[in-house]
Amino acid sequence: MPANLPKPELDLALAQCQQLQTALGQVRLESLDTSAFSALVQSQQALRNALPERFEEVLMQLLNRLESSALFTEESCSFSRHDLLDSFQLWLDKAWQTLQAQPSRQTSHPLIG
């Protein structure tokens, strides 16, 4: 991750993190399908650029597993949709915390306040 992102880039990354948080909630409620969520995740370049490389590696692995799980109509032994969505939530929480660790930011978590 860049040592100290310029404020506009950091603000955009935070906004994209919040947008993914909202979209994840919609996926849980089944008001947003997996392919639309996947496209949104892949379009969030500012967020992915603002995070250490390992975040993108994990994100792409989660996305691949989620897309694979969409091929099944029921929970399979290999892919638990609920567990995958929980893993996305954990990724988003850690991404938010990492962005908040930037020296110039002191913004609260969108779900915690």
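Partly exposed, as used on this tour, means a relative accessible area between the buried limit of under 20% and the exposed limit of over 50%. Asp 11, with a relative accessible area of 28%, is therefore partly exposed. Keep that residue in mind; the tour returns to it. The model you have open is predicted.

**Whole chain**

Show the chain as a cartoon. You will find 5 helices and 0 strands. From the N terminus on, the order is α-α-α-α-α. Of the 113 residues, 39% count as buried. Now consider the contacts between residues at least 6 apart in sequence: 68% of them join residues at least 24 apart. The accessible area comes to about 6600 Å², and carbon and sulfur atoms hold 53% of that.

**Stop 1: helix 1**

Select residues 7-28, which make up helix 1. The helix has 22 residues, and at 1.5 Å a residue they should span 32 Å. The end C-alpha atoms are 32 Å apart, which agrees.

Next, pick out the buried residues of this helix. Among them are Leu 10, Ala 13, Leu 14, Cys 17, Leu 20, Leu 24 and Val 27. Gln 16 and Gln 21 are buried as well. What covers them? The cover of the buried residues in helix 1 includes helix 2 (34-43), helix 3 (45-50) and helix 5.

Step just past the end of the helix. Glu 30 takes a positive phi there, of about 65 degrees.

**Stop 2: the salt bridges**

Side chains of opposite charge can pair when their charged atoms come close. The structure holds 3 salt bridges.

Start with Lys 7 and Asp 11. Their side chains meet at 2.7 Å, N to O. Why can these two reach each other along helix 1? They are 4 residues apart in that helix, so about one helical turn separates them. An α-helix has 3.6 residues a turn, so residues three or four places apart point the same way. Lys 7 is partly exposed at 48% relative accessibility, and Asp 11 is partly exposed at 28%.

Now select Asp 86 and Arg 28. The closest N and O atoms of this salt bridge are 3.0 Å apart. Asp 86 lies in helix 5 (residues 81-100) and Arg 28 in helix 1, so the pair ties together parts that are 58 residues apart in sequence. Both ends are partly exposed: Asp 86 has a relative accessible area of 34%, and Arg 28 stands at 33%.

Finish with Arg 48 and Glu 56. Here the closest N and O atoms are 3.1 Å apart. Is Arg 48 buried or partly exposed? At 12% relative accessibility, Arg 48 counts as buried. Glu 56 is partly exposed, at 28%.

**Stop 3: the aromatic pairs**

Turn on the aromatic side chains. A search of the whole structure finds 2 aromatic pairs.

Zoom to Phe 37 and Phe 88. This pair is edge-to-face, with 5.3 Å centre to centre and 85 degrees between the planes. Phe 37 lies in helix 2 and Phe 88 in helix 5, so the pair ties together parts that are 51 residues apart in sequence. Phe 37 and Phe 88 are buried.

Move on to Phe 55 and Trp 91. The ring centres are 5.9 Å apart and the planes stand at 70 degrees, so this pair is edge-to-face. Phe 55 belongs to helix 4 (residues 53-69) and Trp 91 to helix 5, so the pair ties together parts that are 36 residues apart in sequence. Phe 55 counts as buried at 8% relative accessibility. Trp 91 counts as buried at 5%.

**Stop 4: helix 5**

Helix 5 has 20 residues. From first C-alpha to last it reaches 28 Å, close to the 28 Å expected at 1.5 Å a residue.

Colour its buried residues. The list includes Leu 84, Leu 85, Phe 88, Trp 91, Leu 92, Ala 95, Trp 96 and Leu 99. Gln 89, Thr 98 and Gln 100 are buried too.

Which helices do the buried residues of helix 5 pack against? Show helix 1, helix 2, helix 3 and helix 4: the buried residues of helix 5 pack against each of these.

How values were computed: Residues numbered from 1 in each chain as written. Predicted model: local features only at pLDDT ≥ 70, side-chain atom pairs only at ≥ 80, totals over all residues. Heavy atoms only, no water. Buried < 20%, exposed > 50% of the residue type's maximum accessible area, 1.4 Å probe, protein only. Contact = heavy atoms within 4.5 Å. Areas by Shrake-Rupley, 256 points an atom, 1.4 Å probe, with all protein chains shown as cover. Salt bridge = Lys/Arg side-chain N within 4 Å of Asp/Glu carboxyl O. Expected span 1.5 Å × (residues − 1). Phe/Tyr/Trp six-rings, centres within 6.5 Å; stacked < 30°, edge-to-face > 60°.
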